[in-house]
Amino acid sequence: AQGAANGQPANSLLDQRDQLMADLSKEIQTTVVKQDDGKYNVFIGNGQPLVIGTQTYALKTTISPTDPSRAEVAYATNGGSVIMGENSLGGGNLGGLLAFRSQSLDPAQNALGRVAIGLASDFNAQHRLGQDLNGNLGGDFFTVASPRVAASTTNTGTGVLSASISNVSALTASDYRLNYDGTNYQLTRATDGAVTTFSTMPQTIDGVSLNISGTPAAGDSFLIRPTVDGAKSISVAISDPALIAAAAPIRSTASSPPIRS
């Protein structure tokens, strides 16, 4: 419009563009670079372009390669997509949602799951010491969630990782990432970055027992979330009230008193 013969500024269009930029900045933190010809180049994150001249690029959601239950923000490029780190998407509604998920929701879910697992395990241990209405020792009263394990979609080996809780009192509220370099395993605790290196399986770390079957390849990785499902999955394991072991497992006998003449 400004390049027409009369060369008049397209004020209404410029106002629309500025409003669109303001709306975009509410959703995600942006950087605008104005060109000599008046065009805007728009960048996000660590410099990924959204608009360069007349070229536009898009964001999309994709499934995390290490956690199929988790959606990630990806940058569409060359017919593919590159997952953007949450730390590179600060500001705006999108940055706020990602920060809430990683800094508030995930830790709270793990911590609540740890409480639920501890409660269920301790109650089950006590319940197994009692006697039910049929005279049998009690079984598990609550179901206890198992750790969630996910293999990276980029793994090339045949290794299958399994995890179980062996010591409830040693559990943390952290997630863990296991990497294999072809010789050694490195287990990284997400909350503080502490790394434990070992070369053989099985291993027990922070109350979680790990074992692997098959043959992993160098570069394979796994995500372990020991407590994430603890609160969601806790439930009563028995349906028959007669199985409630509320009695002390004690049996006594008494001899008949002597007959006096």
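A salt bridge here is a side-chain nitrogen of Lys or Arg within 4 Å of a carboxyl oxygen of Asp or Glu.

## A network of charges

By that criterion, Asp-67, Arg-70, Glu-72, Glu-86, Arg-101, Asp-106, Asp-175 and Arg-225 are joined in a network of salt bridges. The structure as a whole holds 13 salt bridges.

This is a predicted model, in which local features need pLDDT of at least 70 and side-chain atom pairs count only at pLDDT 80 or more, while totals for chains, interfaces and linings use all residues. Residues are numbered from 1 along each chain as its sequence is written, and side-chain values use heavy atoms, with hydrogens and water left out.

Let's begin with Asp-140 and Arg-128, a salt bridge whose closest N and O atoms are 2.3 Å apart. Both partners sit in the loop between helix 2 (92-127) and strand 8 (142-143), 12 residues apart. (Helices, H or I of at least four residues, and strands, E of at least two, are DSSP runs numbered from the N terminus.) Asp-140 is partly exposed at 40% relative accessible area, and Arg-128 is partly exposed too, at 39%. Buried means under 20% relative accessible area, exposed over 50%, and partly exposed in between, using a 1.4 Å probe and protein chains only.

Next comes the salt bridge of Asp-229 with Arg-148, where the closest N and O atoms are 2.5 Å apart. Asp-229 lies in the loop between strand 16 (221-225) and helix 3 (230-233), and Arg-148 in strand 9 (residues 148-151), so the pair ties together parts 81 residues apart in sequence. Asp-229 is buried, with 13% relative accessibility, whereas Arg-148 is partly exposed at 22%.

Asp-192 and Arg-189 also meet through their side chains in a salt bridge, at 2.8 Å from N to O. Asp-192 is partly exposed, at 48%.

## The nonpolar cores

In soluble globular proteins, nonpolar side chains tend to be buried together. A nonpolar core is a set of buried Ala, Val, Leu, Ile, Met, Phe, Trp, Tyr and Cys residues joined through side-chain atoms within 4.5 Å. The largest one here has 17 residues, and those with the most contacts inside it are Leu-161, Leu-178, Leu-187, Met-201, Leu-210 and Ile-224. Two or more residues come from each of strand 10 (160-165), strand 11 (176-180), strand 12 (185-189), strand 15 (208-213) and strand 16. Apart from this core lies another, of 11 residues, including Met-21, Ile-28, Tyr-75 and Leu-89.

Which residues does Leu-178 touch, leaving aside its neighbours within four places in sequence? Its contacts (heavy atoms within 4.5 Å) include Leu-161, Leu-187, Phe-198, Met-201, Phe-222 and Ile-224. Tyr-185, Gln-186, Asp-220 and Ser-221 are also in contact with Leu-178.
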